[in-house]
Amino acid sequence: VQLQASGGGLVQPGGSLRLSCTVSGNPFTINAWEWYRQAPGMERELVAKLARSGTTNYADSVKGRFTISRDNTKNTVYLQMNSLKPEDTAVYLCAIDETDYSNWVARRSWGQGTLVTVSS
């Protein structure tokens, strides 16, 4: 399975960006789609999660500003980021949690990161 993330860039504070992550190959059953971010010198943190049920979860720091969604027809998950702040600057990575229910094997697959820089 491959995950291809895109949409990062330079944006001014208060601006918006939409990140995309397209899944290809033959994933197992996907139980959750996730966006993480990692700023320089910081640990990777979970930003947003979309469960197969449709339930969403967000880090407190992005609630009300970020929205995770997916388009099943395109095997793509999105992260709409509004009201961006300098502290949102980080490499953003997408991931999926998969389970092979025939063998009861679970894994998390990662895409490459896309850099988001919020600066004036």
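Predicted model: local features only at pLDDT ≥ 70, side-chain atom pairs only at ≥ 80, totals over all residues.
Residues are numbered from 1 along each chain as its sequence is written, and side-chain values use heavy atoms, leaving out hydrogens and water.

Back to our pair. Strand β7 covers residues 66–71 and strand β8 residues 76–81, and the two run antiparallel, joined by six bridges. Pairing here requires that DSSP finds at least two bridges between the strands. Four residues sit between the strands of this hairpin, and Asn-75 has a positive phi near 50°.

So what is the secondary structure of the protein chain? There are zero helices and eleven strands, counting DSSP runs numbered from the N terminus: H or I of at least four residues for helices, E of at least two for strands.

Now the overall shape. The C-alpha atoms fill a box of roughly 50 × 25 × 25 Å along the principal axes. The radius of gyration is 14 Å, which agrees with the value near 14 Å for a compact globule of 120 residues; it is taken over C-alpha atoms, and the globule rule is 2.2 Å times the number of residues to the power 0.38.

Finally, 39% of the 120 residues are buried, meaning under 20% relative accessible area with a 1.4 Å probe, protein chains only.

Methods:
Buried < 20%, exposed > 50% of the residue type's maximum accessible area, 1.4 Å probe, protein only.
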